[in-house]
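Student: I would like to go through this model and test each label against its cut-off. Where do we start?
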Amino acid sequence: MLRASARVNLAAIERNCARLREAAGAGSSLCAVVKANAYGHGAVPVARAALAGGASRIAIATANEAAELRAAGIEEPLLLMGALTAEELALALESGADLVAWRASFVEALRRGARARPVRVHVKLDVGMGRVGTRDADELLRLAEAIHAAPELELAGAMTHLPCADEDPAITRAQVARFRAFGERLRALAPGLVLHAANSAATLAVPESRLDMVRCGVAIYGLDPFGVDPGAHGLEPALELRTWVAALKPLAAGESVGYGSTFTAAAPTWIATLPVGYGDGYRRAFSANAEALIGGRRHPLVGRVSMEYVTVDVGPAPRGIAEGDEVVLLGSQGEERIAAEELARRIDTINYEITTALTARPTRAYHRDGAEA
Ligand SMILES: *Cc1c(COP(=O)(O)O)cnc(C)c1O
């Protein structure tokens, strides 16, 4: 047993990818997004599982993330989506990833940095996210023409990112229509380029957004892009957070537990202490605001979550619970299940942040439906 482990089912990730490919349809390929250490799941094993599940490309956000995949021997096409500083450019180019451009000065830097083979570039239209990308389609078309004309570069694609795909299909359809119109103009220039817009939510909910490729992140991990129930879309959660009962102690009425003594027993009870805390990415906001599965049942957290420990009230007569028992904080045990969507609701965030918050400290343990991976 490990102190705390994030157990990841790679077979579930493969099946989720197969499910998303099916949703995307025959005309569209799957790009699996493994930025931020694959939303906490571990970028390298997830990238391999996604490729095995039918993804034909892997997307990341930073130059370091691209370099990590290459260092692990992953040779499939990469799409480096994020903004890059001049300092990061050499590493990004060395990775051979496709890069995303929306500014002329960046395109010039790419031309100067290019070496043996042409750098594959995607241009980015901003249809409403308002962060990076170019809002003016005419201006972006001129940039695409400059890329197309540059011998050091290859115009490989065009993309946009949809801000409301999980909430508003009507707005999303209108944004996709604008992007499509831009894409048609680009196609006249470079017929083979790849148009892509959809994230997980759009892939599942807005058929018009699927275009030539979909970029799915959250759904490949079996998390619901709509924050409710992944099962409703045929997705299986891949990650479980497990720990163990490191101490089981009686607490007399009037005695307290944890920093600030925020919990005082009204009546005698037993406290199970679990060696996991916000140093592992199990958020302090779960203090007295989440449950742990021990012996197949839910038990409430009491007191504060600290850096190393969580305390659980297992009641006045904890039958069938002993020091050394396995505990599940995220995932299932027996008939019970704690979903990332439940944890997110408890602390007013999104499921994305629940798994991405996991630090390097909990050991990542990989398996395939329970068998050694
Ligand atoms: C993170 C990201 C995605 C994936 O979004 P999900 O909602 O996790 O599917 C797609 N495109 C871009 C540009 C992203 O940054």
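**Labels and their cut-offs**

Tutor: With the elements. The protein chain has 11 helices and 21 strands. Keep in mind that the model is predicted.

Student: What are the extents of the protein chain?

Tutor: Its C-alpha atoms fill a box of roughly 75 × 40 × 40 Å along the principal axes. The chain exposes about 15800 Å². Carbon and sulfur atoms supply 51% of that area.

Student: Which domains does the assignment give, and where do their bounds come from?

Tutor: The assignment gives domain 1 (10–221) and domain 2 (239–338). The bounds come from an automatic or database domain assignment. The C-alpha centres of the two domains lie 42 Å apart.

Student: What makes a residue count as buried, and what share of the protein chain is buried?

Tutor: The cut-off is under 20% relative accessible area. Buried residues make up 53% of the 373 residues in the chain.

Student: Why is the set around Leu-69 and Leu-99 called a nonpolar core?

Tutor: Because its members are buried residues of the listed kinds, such as Leu, Phe and Tyr, joined through side-chain atoms within 4.5 Å. The largest such core has 121 residues. Leu-69, Leu-99, Phe-182, Leu-274 and Tyr-282 touch the most other members. This core draws at least three residues from each of domain 1 and domain 2. Apart from it lies another core, of 6 residues, including Leu-251, Phe-263, Ile-271 and Val-302.

Student: Which residues does Tyr-282 touch beyond four places away in sequence?

Tutor: Among them are Leu-241, Val-276, Ala-290, Leu-301, Val-305, Val-310 and Leu-329. Gly-277 and Glu-291 are also touched.

Student: What share of the contacts in the protein chain join residues at least 24 apart?

Tutor: Take contacts between residues at least 6 apart in sequence: 65% of them join residues at least 24 apart.

Student: Now the ligand. Which residues come nearest to it?

Tutor: Of the 13 residues around the ligand, these are Lys-35, Tyr-39, Ser-200, Val-218 and Tyr-352.

Student: How much of the ligand does the protein bury?

Tutor: Taken alone, the ligand exposes 390 Å². The protein buries 91% of that.

Technical notes:
Residues are numbered from 1 along each chain as its sequence is written. This is a predicted model: local features need pLDDT of at least 70, side-chain atom pairs count only at pLDDT 80 or more; totals for chains, interfaces and linings use all residues. Side-chain values use heavy atoms; hydrogens and water are left out. Buried means under 20% relative accessible area, exposed over 50%, partly exposed in between (1.4 Å probe, protein chains only). Contact means heavy atoms within 4.5 Å. A residue is near a molecule or strand if one of its heavy atoms lies within 4 Å of it. Accessible areas come from the Shrake-Rupley method with a 1.4 Å probe; for residues, only the protein chains shown count as cover. Helices (H or I, at least four residues) and strands (E, at least two) are DSSP runs, numbered from the N terminus.
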